[in-house]
Amino acid sequence: MSGTPPVIPTELQVYNSYVEDPKWQRKFSIIWGTAAGIAILISLPHLLRAIRSRRAFAGLFGVWEDWSGKAYQPVAASDERKRSGGSPGWKDRVRGVARIVTSALLWTLPGTEVDVGQMLIIIGYLVTVLVCITMKSELISNPNRAGFLALAQFPVVFLFATKNSLLSLLLGPGNGYEKLNYVHKWAGRGMFIGAVVHGALWIRNHLQYGLPILGQQKETSGVAALGVLCVIVLTSFRSIRRLCWNLFFVVHVLAFVAFYVTVCYHTIYARPWVYPPLAFYGLDLLMRLLRFRIKDATLIPVDHAMTIINVHDCSGGWVAGQHVRLRAFVSGRLFESHPLTIMRAPPSTSCLSPSSARGTLTLGARAVGDWSRELNAYARAERDRTSKGKELDGIDTTDLGADVQVMIDGPYGGCSVDLGEFESVLLVAGGSGATFTLGMLDDIVGRCVRLGRPNGERTKRIKFAWCIKSFGAIEWFAQPLMEIAAVAATPGSGLDLHVSVFVTCLCNPEAVPPIPNSDVRVGRPSIHKMLRDFVTPPCAPCADSVAKGASCCCAPDTAGTSTLSTASASQPGVLSASEKAAETKLEVEEEERFATECDCEAGDFDVPGLRWVGLGGGVAVCASGPERLTREAKNAVARIGMARSVALGGIALHTELFSL
């Protein structure tokens, strides 16, 4: 016979999972790869601007030391635009519109750890996983599709887990591993969903047909792989991480190795999906080896709650807002590394005096855990030992510390917002989160005053707000704050800086250092109200006086240095029912007033010492500290109305979460 052989109709063909399911693996990979490519394209303008300002790829090869011994001499600005900062152009207006559109995605619900934009990404990812698992599949009779999709998520899990990845580099500054880690968490949970569906239905089928679940290598290794994956997921929950971080880390590292081995024994189809994660992890290890540095350092215990760490002979290789992972060779803690934010700009920009001839990298460690408490106790013990005899000679021993050796890995992270692109900057921090905002403040003041606005920085006014528990905590960073404020107050700098410290506990009120143009208050601030007042123009009768540095007539009299006022006469930060109602009514009136015209009879502007610079120059907000503070900052920016954002030229936000 001759001719075309007969073809079995599609509806009568037996489903071959080993042919059809790999196609859905490839489709899934194409979808998430396309999404990552779109994110890179959207971030391309941000990356190009960072390259021009030399903020991109900072610290790619670690911290470096200047062996020439030549002191850095800043180059003065060469034209009037650099001295004045210039004015916003059409590109700035386009970026402002983009910020307005994305600000609605910043809303964050309590306890969720992610904002609306991140939620949309997570939902889109999980929906894609579920669609690829269920679309045109016969899961009940053949659950292999779910197993294939679990394997296809290996590259996603590792790409977003490594500290050094090509994706974070291409997304530009401020998109380090700590910002992308939420995708790693949910990709792992997506893998867990696929594995559980595959394993549960497979066990069901074996029970239905009376087949043994354990016995052969494929079945036994599959059950073992599912068990190991369950251990990884269960020990990764937030409560476990916070309660037993060391246990979580050890289990995470050892269990993923065991999972890889068992899943490769389970199926030969796993091996192609193992190679990309190994490549990602290998690149991460290589880059970390290039960034490791062993340096001499001095531990200075400010008090029982804060230790300042001065790492010597660090001339550059980082930008403000980045952090390093530190190992201190003391007290048998060699194998523990902890992330600490660099609280100063590089020596070429910084307003602070270095404690080393070749530069200093300064960190702040708050004594809240076993490692940080032991570090603080060791520094205090060494200071007491070395200060014996010096106090009798009248020598000041407050700056004495313990000389140790440390290993630093980094820097990592950074700020996604270039403060020099905005006329108004609001920096908000809680507790030890001030290490981040202090570094950003040092950087922008140094660029505007010390370097003479070399990249056309437009910043004209800065508000630095810091919320702490006690007056004594001001001493943690009092010295650098005074130095930076003194530089900002230089005549002709064109920069207004005001420091506000909010104290939530009435203890040791005499410990208030004389920081220029600052005030200290009792009570917990409202970030929304603070931002609203910061971006609200003065009323018409006061416009001329505010332009000269005076306060609006609508604002209370808070002029002066280091003034002390209370939020409530009865209890700090606590408002009565009538006061809360009045404040709510005031906020509504204020929102309506901004959309139309300023009215002297409504408003509660509290921006003393800062001149109004007009609209259209943009506002940058940086918030760092506990989750409650960063969430409130996101909601405050999202709460600013469209009309207000357009008038301001857009609001950019960057948050740093100090939590596990």
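This report walks through the chain as a whole, then some of its helices, a cavity and a few single residues.

## What the model is

The structure is a predicted model, so a local feature is described here only at pLDDT of at least 70 and side-chain atom pairs count only at pLDDT 80 or more, while totals for chains, interfaces and linings use all residues. Residues are numbered from 1 along each chain as its sequence is written, and side-chain values use heavy atoms, with hydrogens and water left out.

## The chain as a whole

Let's begin with the overall picture. The chain holds 20 helices and 13 strands; both are DSSP runs numbered from the N terminus, with helices being H or I of at least four residues and strands being E of at least two. Of its 660 residues, 51% count as buried. Buried means under 20% relative accessible area, exposed means over 50%, and partly exposed is in between, with a 1.4 Å probe and protein chains only.

The accessible surface of the chain is about 31100 Å², and carbon and sulfur atoms own 62% of that. Such areas come from the Shrake-Rupley method with a 1.4 Å probe, and for residues only the protein chains shown count as cover. Looking at contacts (heavy atoms within 4.5 Å), 78% of those between residues at least 6 apart in sequence join residues at least 24 apart.

## Helices H8 and H9

Helix H8 (177–208) has 32 residues and reaches 45 Å from its first C-alpha to its last, close to the 46 Å expected at 1.5 Å a residue. The expected span is 1.5 Å times one less than the number of residues. Just after H8 comes Gly210, with a positive phi of about 70°. Within H8 sits Ala200, which is partly exposed at a relative accessible area of 43%. Ala200 and Pro143 are 57 residues apart in sequence, yet their C-alpha atoms are 8.8 Å apart in space.

Helix H9 covers residues 217–234, and its 18 residues reach 26 Å from first C-alpha to last, close to the expected 26 Å. Its buried residues are Glu219, Ser221, Gly222, Ala225, Val228, Leu229, Ile232 and Val233. An α-helix has 3.6 residues a turn, so residues three or four places apart point the same way. The buried residues of H9 pack against helix H8 and helix H11 (245–266).

## Helix H19

Helix H19 takes in residues 627–639, and the distance of 18 Å between its end C-alpha atoms agrees with the 18 Å that its 13 residues should span. H19 is mostly covered, as ten of its 13 residues are buried.

## A cavity in the structure

Searching the whole structure turns up five cavities of 30 Å³ or more. A cavity here is a set of points, on a 1 Å grid over the protein atoms alone, where a 1.4 Å probe fits but cannot get out; lining residues have an atom within 4 Å of a point. The second largest cavity contains about 50 Å³ of space. For such volumes, grid points are joined across faces, edges and corners, and the volume is the space filled by probe spheres set on the points.

The second largest cavity has 14 lining residues, and Ser424, Gly614, Gly618, Val619 and Leu648 lie nearest its centre. The lining divides into seven nonpolar, five polar and two charged residues. In this grouping Ala, Val, Leu, Ile, Met, Phe, Trp, Tyr, Cys and Pro are nonpolar, Asp, Glu, Lys and Arg are charged, and the others, Gly among them, are polar.

## Backbone details

Two arginines are worth a look on your screen. Arg54 has a positive phi near 65° although it is not a glycine. Arg54 belongs to the loop between helix H1 (17–52) and helix H2 (80–84), and is exposed at 73% relative accessible area. Arg453 also has a positive phi, near 55°, in the loop between helix H14 (434–450) and strand S8 (461–468). Arg453, however, is buried, with a relative accessible area of 1%.

Gly410 and Pro411 are joined by a cis peptide bond with omega about 15°. Pro411 is part of strand S6 (residues 402–413).

Thr128 lies in helix H4 (residues 116–134) and counts as buried at 18% relative accessibility. Leaving aside residues up to four places away in sequence, Thr128 touches Phe28 and Ile31.

Thr360 is in strand S5 (residues 360–366) and is buried too, at 0% relative accessibility. Thr360 and Asn310 stand 50 residues apart in sequence and 6.2 Å apart in space, C-alpha to C-alpha.

Key: On a 1 Å grid over the protein atoms alone, a cavity is a set of points where a 1.4 Å probe fits but cannot get out, and a pocket is an open set with protein on both sides within 12 Å along at least five of seven lines; lining residues have an atom within 4 Å of a point.
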